[in-house]
Amino acid sequence: MPNIRHRKAIAPLCALLALLLMMVACLAAPATAFAEAGSDASGRAGAAVLTTTDGGAGAVVPVVDGADGSVTDGSGSDSIAGPVPNVIITNFSYGDGSVPVGGSFTLGFTFQNMGQVAVSNMVVTVDGGESFAIAGGTNTFYVDSLWAGYTMTQSLPMQAVSSAQSGAQPITVSFRYEYVDGGMRSSNSSDIKISVPVSQPDRFQVNDPVVPDVVNAGEETTVTMEYVNKGKGDISNVEAAIEGDGVDAAVRTQYLGNVASGATGQIGFAFTPLSVGSTEVKLRVSYEDSDGQSQSKEFPLTLDVQEAMPIDDGMIDDGMIDDGMIDEPRQGPAWWVWAIVAVAVAAAVVLVVMLARRRKRKAGKHADIDEEWDDWANGDAASGSAVPVGTVGEPGAADSADGTTTQVIADLPSAVAPRSAGEPSSAGESGRG
């Protein structure tokens, strides 16, 4: 009986032990395939070959080469090249805000190898274009190698040139590098552009308003302001407005448009004060600078408004008020005034012509009389005839047309007729003889 009980106790233990042995045998059985490091049929080091334990010829399947990431089938045939590695800029910095014209900044950028193989013999070049220049050092850098997935950061000092335009301006970063894939060395390059904002300083200047010496209530008054754009960039959407409850204006806001670099102009505000006394107004000029930012300039103004002086005709006649101070429309002379002036000028011309002709006529008549006298005197003196000289009432005188008698003198004076031999030289001499 004791032996039977002992055997019954050992039987379950043996069964359990047999089960454990079977499980161990299953776990310790050789794997269906195993990886063996060494050389494949092509002789390249580091290749992995997958073989079987069924006594077959050892099938070869493609595996990834751990050295350069290329793919091979391990059978000695040509390998399949992997993708071309790309290098990109993942982040860059230039400071806060925008870079003012002529300002310096530090450009920093981080680039990463996004390919599956390492790149080597890399040359990095930074080109600022027409807006930026290298503030010191060189714009070319050399990188010996950059493994797949690795990043690197580079920085250099730069400056925005004075001729740079406002807005985002490009900077080009070029990468040239080499890589090995499929046992072959290849090269690649890429150009990446980044943008840095550039700002022009706001140099739009508006002078203080010019106010008239006298401002009267109820009369329109004009206040002017001169402006000039001294900046190198244009400004746009310029508006001018007048604010205040004590004035009335037909146009409170006026649009002036764009103002080019170096341009000048004038802004005029026309308004009418409503009451006498101190009046507060505000002149506002708003615009957008070359960066597109809204700007505004305000000019508070205090006006001393006076009572308008009454004007009557008596003050004008007395000379107290100049006619030029009265804003009345002036008209030119009427048409009949011009007609009278034309007639007067024509009459003056006719009068001058008539006087000239009369003077000429008189001068010609006098010349004819002188010529007749000269001819008569010369002819009678040559013939020795007597010149009849009559004396009224004397005997022997010839009768004239009016009934008077004219004495005939036989002999001419010696000054007229020449004397004959033995004749007296004058009447006295004849009497004496």
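What is the mean pLDDT of the protein, and what percentage of its residues reach 70 or more?

**Figure 1. Confidence across the predicted model.** The structure shown is a predicted model. Its mean pLDDT is 74, and 64% of the residues of the protein reach 70 or more. Among the elements of the protein, the lowest mean pLDDT, 34, belongs to strand E2 (residues 48-52), whereas the highest, 96, belongs to E8. The pLDDT is below 50 over residues 30-77, a stretch with 59 contacts in the model beyond near neighbours in sequence. Residues 380-412 also have a pLDDT below 50, and 43 contacts beyond near neighbours in sequence are found for this stretch in the model. Where pLDDT is low, the predicted coordinates should not be read in detail.

**Figure 2. The open sheet of 5 strands.** The strands of this sheet follow the order E6-E13-E12-E8-E10, and their pairing is mixed. Strand E6 (99-100) and strand E10 (140-146) stand at the edges; each has a single partner strand, so one side of each is left without a neighbour in the sheet. Strands of a sheet pair through backbone hydrogen bonds, either parallel or antiparallel. Strand E8 (residues 119-127) and E10 run antiparallel and are joined by 6 bridges. Within this pairing, Val119 stands opposite Leu146 in E10. E8 is also the element with the highest mean pLDDT.

**Figure 3. The open sheet of 4 strands.** Here the order is E14-E16-E20-E18, and the pairing is antiparallel. Strand E14 (204-206) and E18 are the edge strands, and each of them pairs on one side only. Between E14 and E16, which run antiparallel, there are 3 bridges; Gln205 has Val228 in E16 as its bridge partner. Strand E16 (residues 221-229) pairs in turn with strand E20 (residues 264-273), in the antiparallel sense and over 8 bridges. In this pairing Met225 stands opposite Ile267 in E20. Asp248 has Thr272 in E20 as its bridge partner.

**Figure 4. Strand E21 and its pairings with E17 and E22.** Strand E17 (residues 235-243) and strand E21 (residues 277-288) run antiparallel, joined by 6 bridges. A further 12 bridges join E21 to strand E22 (residues 294-306), and these two strands also run antiparallel.

**Figure 5. The cavity found in the model.** How many cavities of 30 Å³ or more does a search of the whole structure find? The search finds 1. The largest cavity holds about 60 Å³ of space. It is lined by 13 residues, of which Pro201, Arg203, Gly233, Ile235 and Ser290 are the closest to its centre. By class, the lining has 3 nonpolar, 5 polar and 5 charged residues.

Figure 6. In the unreviewed UniProt entry, the annotation "transmembrane region" covers residues 335-356. In the model, this span is 100% helix and 0% strand. The end C-alpha atoms of residues 335-356 lie 32 Å apart.

How values were computed: Residues are numbered from 1 along each chain as its sequence is written. This is a predicted model: local features need pLDDT of at least 70, side-chain atom pairs count only at pLDDT 80 or more; totals for chains, interfaces and linings use all residues. Side-chain values use heavy atoms; hydrogens and water are left out. Two strands pair if DSSP finds at least two bridges between them. On a 1 Å grid over the protein atoms alone, a cavity is a set of points where a 1.4 Å probe fits but cannot get out, and a pocket is an open set with protein on both sides within 12 Å along at least five of seven lines; lining residues have an atom within 4 Å of a point. Grid points are joined across faces, edges and corners, and a volume is the space filled by probe spheres set on the points. Ala, Val, Leu, Ile, Met, Phe, Trp, Tyr, Cys and Pro count as nonpolar, Asp, Glu, Lys and Arg as charged, and the others, Gly among them, as polar. pLDDT is the predictor's confidence in each residue, from 0 to 100. Contact means heavy atoms within 4.5 Å. UniProt positions are given in the numbering used here, feature names are shortened, and annotations may be inferred rather than shown by experiment.
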